[in-house]
Amino acid sequence: RLSKGKKGIKKRAVDPFTRKDWYDIKAPSYFENRNVGKTLVNRTQGLKVADEALKGRVVEVSLADLNKNPEDSFRKVRLQFQQINGKNCLTDFYGMDFTSDKLRSLVKKWQSLIERHVDVKTTDGYLLRVFCIAFTKRHKNQVRKTTYAQSSQIRQIRKKMFDIVSKEASACDLKELVSKLIPEAMGKDIEKACQGIYPLHNVYIRKVKILKAPKFDLGKLLELHGDASEDTGARIVPGAADFVEPPVLDSV
């Protein structure tokens, strides 16, 4: 047979990390902690550009880390890479969710679970799907073991959820909506509005998904990250009082 070279010679293994670069992940300015972490990407080589490989990447971060508040540890915030600025990845809000352990701790026997999702459009053109969750609560001095709501009451509660979320979310932009979601303002409003139908507790905005985003605007993103106000210097116009013409060079 024809010889195919020496048998058993293995190709020298190259550590893949030598081809990669580290980039810093920056959260929007409405979060307390801007430095989320670091991410790896293959170095620019030929037509494969590192910046293009990073754009669109999604990271999941605990809200407790972003706002330095341990009480928010059950919320997960998703951030999407929108722009690469040097070695910094500028991100924008991409969604929110509950941790599975928190969700499971809320579900108990002898009560009704009421859920509703609402599709809303913010003033800056984001189409979001907002998921609400609520649980029925025992009346004061209740003797009965169960706290099940009737189907007619559940329908009324779902309508209240729809009305409150639609009203709150469609009247503000994405930045304002996130600032409403963090302290659970909408959940408290739903709980208050439904007291006359059936007492509720553990009312939360469980999940937020971005279905459609408007056209990418770099100026808005830089404003969101607080980088738009950077001093770029004043423009010098020839003929101005403080303009000094540079001397002519003898040789180049």
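In this predicted model, Phe74 is buried, with a relative accessible area of 16%. That value counts as buried because the cut-off is under 20%. Phe74 sits in the loop between helix 2 (63-67) and strand 4. Leaving aside residues up to four places away in sequence, Phe74 touches Asp97, Phe98, Thr99, Lys102 and Tyr204. Leu103 lies 29 residues from Phe74 along the chain. The C-alpha atoms of Phe74 and Leu103 are separated by 8.7 Å.

Strand 4 covers residues 75-85 and runs antiparallel to strand 3. The two strands are joined by 5 bridges. Across this pairing, Leu79 in strand 4 stands opposite Val59. Val59 belongs to strand 3 (residues 58-62), where the side chains alternate. Val59 and Val61 point to one face and are buried.

Helix 4 comprises 20 residues (residues 151-170). At 1.5 Å a residue, the helix should span 28 Å. The buried residues of helix 4 are Gln153, Ile154, Ile157, Met161, Ile164, Val165, Ser166 and Ala169. Both strands and helices contribute to their cover. The strands include strand 6 (113-121), strand 7 (127-136) and strand 8 (200-212). The helices include helix 5 (174-181) and helix 6 (185-193).

Methods
Residues are numbered from 1 along each chain as its sequence is written. This is a predicted model: local features need pLDDT of at least 70, side-chain atom pairs count only at pLDDT 80 or more; totals for chains, interfaces and linings use all residues. Side-chain values use heavy atoms; hydrogens and water are left out. Buried means under 20% relative accessible area, exposed over 50%, partly exposed in between (1.4 Å probe, protein chains only). Helices (H or I, at least four residues) and strands (E, at least two) are DSSP runs, numbered from the N terminus. Two strands pair if DSSP finds at least two bridges between them. The expected span of a helix is 1.5 Å times one less than its number of residues. Contact means heavy atoms within 4.5 Å.
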